Amino acid sequence: MSSTYSCWPVMLVVYNLPPSLCMKDEFTFLSMLIPGPKQPGNDIDIYLQPLIDELQELWRGVYTYDASEKKFFNMRAMLLWTINDFPAYGNLAGCATKGMYACPLCGENTDAHWLKHSRKMSYCNHIRFLPKNHPYRKKKFTSSRLRNKAPPCPTIPKGTDVAEQLLSVVNNFGKGRKKRSRDEEEDSMWKKKSVFFSLPYWEVLVVRHNLDVMHVEKNVCESIINTLLDCKGKSKDHYQSRLDLQDMGIMPQLHPYEEDNITRLPPATYTLSKSEKKLFCKRLFDLKLPYGYSSKISNCVDVEKHKLIGLKSHDCHVLMQQLLAVAIRGIMEEGPRVAILRLCKLFYGLCQHAVDKEEIVQLELEAAEILCKLEDYFPPSFFDPMIHLVVHLPREVRLCGPVQFRWMYHFER
């Protein structure tokens, strides 16, 4: 389904309520509606200016009548954070979401590498998110170009540091502005100074914009399934990615070779045979689930062509939480299968209604370990920005609480 018209609603959610009420429809307010036909992009700040003026007034205080106490009081309110998908993250924060600085949390410390043949950026080298004394740093790796150097963990810039970086940024709104060149994108991660920094408290907030777990989980799920089933045009393992491995001098067992004037690609550890692909799809096709648990997954499964089509966000959520672990049971080699199972377990832990601080700290370490394990088996082309953002999700759960109050299901479903 495609649409030629895009309309952006801006909604406010009241958090000063019990957890069972704060995400209900009756406590969600439509503050404005940005018309189309195209998305506003960086010009969204112009549309948000009236809302920012009201938020500044609420911060100073508004004389309000309390019906329960039957008296007037000075009511103050603040904007805690924003909830949006990843492209809107860049529009609201004013930062890049692709290219050299695709990770808004790593910022200028983003480790990105241009893949010549795949013609895309790769975001590997997640060993730097592990502690200095971690066993992975002592092990000899061959899958990534910088692992043997064991770089230090990047520091996430504070809001005050971001405000200093934005002092020299000049906003250029309107249709007549020129698109940033590739050289300008490589020089700075900032496209504009966000209108939210006009709020007096914005730069001292630890988390200003949330990474949406719903969309990250959906993209990770689709990347894994399309790569395992080798879907044409969607798999992250293809001839160009193998040439990139050859240029980088890593994973020699996966380099393409010539045989009888035919270029052949050696099977990877996660490569499924035709019978395994059919078994994978048949397991999902034959699943019987309780009413209301999810949509009918079998409608998205093509057993003969070995592919899944038309998966919605909640379908990917159910797959990552429970069903994918069942579908890959007993197929492919143990190494990549265990890494995928650990990734499914990670998302299951992130989506719990109750958050245990000690478990979340352990999940932060687990996320970095899982990505390091995936780097041992999957090519660099597999690691797009969505895969990289997984390493930052446990931190936001530790700082902001359960994801049920910070993801897009409430607004998009």
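Hi everyone, let's start with a pair of helices. Helix H9, residues 313-327, packs against helix H10, residues 334-350, at an angle of about 155°, and their axes lie 8 Å apart. Please keep in mind that this is a predicted model.

If you'd like to find the contact on screen, look on the H9 side for Met 320, Gln 321, Gln 322, Leu 324 and Ala 325. They meet Ile 340, Leu 341, Leu 343, Cys 344, Phe 347 and Tyr 348 of H10. Sorted by class, that contact of H9 with H10 has nine nonpolar residues, two polar ones and no charged ones.

Now stay on H9, as we have two other partners to meet.

One is helix H8, residues 274-285, which packs with H9 at an angle of about 130°, with the axes 9 Å apart. H8 and H9 are therefore oblique to each other, and their crossing is right-handed. From H8 come Phe 280, Arg 283 and Leu 284, while H9 brings Leu 319, Leu 323, Leu 324, Val 326 and Ala 327. In this contact of H8 with H9, seven residues are nonpolar, none is polar and one is charged.

The other partner is H6, which spans 213-228. H6 and H9 pack at about 65°, with their axes 8 Å apart. Those two helices are therefore roughly perpendicular to each other, and the crossing of H6 and H9 is left-handed. The contact of H6 with H9 divides into nine nonpolar, three polar and three charged residues.

Next, let's turn to empty space. Rolling a probe the size of a water molecule over the atoms shows where such space is left. The largest pocket holds about 1400 Å³. Which residues lie nearest its centre? They are Val 10, Met 11, Leu 12, Ile 83 and Phe 411, out of 40 residues that line the pocket. Elements giving two or more residues to this lining include strand E1 (8-13), strand E2 (28-34) and helix H1 (44-60). By class, the pocket lining has 28 nonpolar, eight polar and four charged residues.

How many cavities of 30 Å³ or more are there? The count comes to two. The second largest cavity has a volume of about 40 Å³. H6 turns up again here: H2, H6 and helix H12 (385-389) each supply at least two residues of that cavity's lining. The lining includes Asn 84, His 215 and Leu 389, and its classes are six nonpolar, three polar and two charged.

Two backbone details before I stop. The peptide bond from Gly 36 to Pro 37 is cis, with omega near 10°, and Pro 37 sits in the loop between E2 and H1. Then there is Met 251, which is not a glycine but has a positive phi of about 45°. Met 251 is in the loop between helix H7 (239-248) and strand E9 (257-259).

Notes: Residues are numbered from 1 along each chain as its sequence is written. This is a predicted model: local features need pLDDT of at least 70, side-chain atom pairs count only at pLDDT 80 or more; totals for chains, interfaces and linings use all residues. Side-chain values use heavy atoms; hydrogens and water are left out. On a 1 Å grid over the protein atoms alone, a cavity is a set of points where a 1.4 Å probe fits but cannot get out, and a pocket is an open set with protein on both sides within 12 Å along at least five of seven lines; lining residues have an atom within 4 Å of a point. Grid points are joined across faces, edges and corners, and a volume is the space filled by probe spheres set on the points. Helices (H or I, at least four residues) and strands (E, at least two) are DSSP runs, numbered from the N terminus. Ala, Val, Leu, Ile, Met, Phe, Trp, Tyr, Cys and Pro count as nonpolar, Asp, Glu, Lys and Arg as charged, and the others, Gly among them, as polar. Axes are lines fitted to C-alpha atoms, for helices over the stretch in contact, and angles run from 0 to 180 degrees between N-to-C directions. Contact means heavy atoms within 4.5 Å. Angles under 35 degrees count as roughly parallel, over 145 as roughly antiparallel, 65 to 115 as roughly perpendicular and the rest as oblique. A crossing is left-handed if the near helix is turned anticlockwise from the far one by less than a right angle, and right-handed if clockwise.
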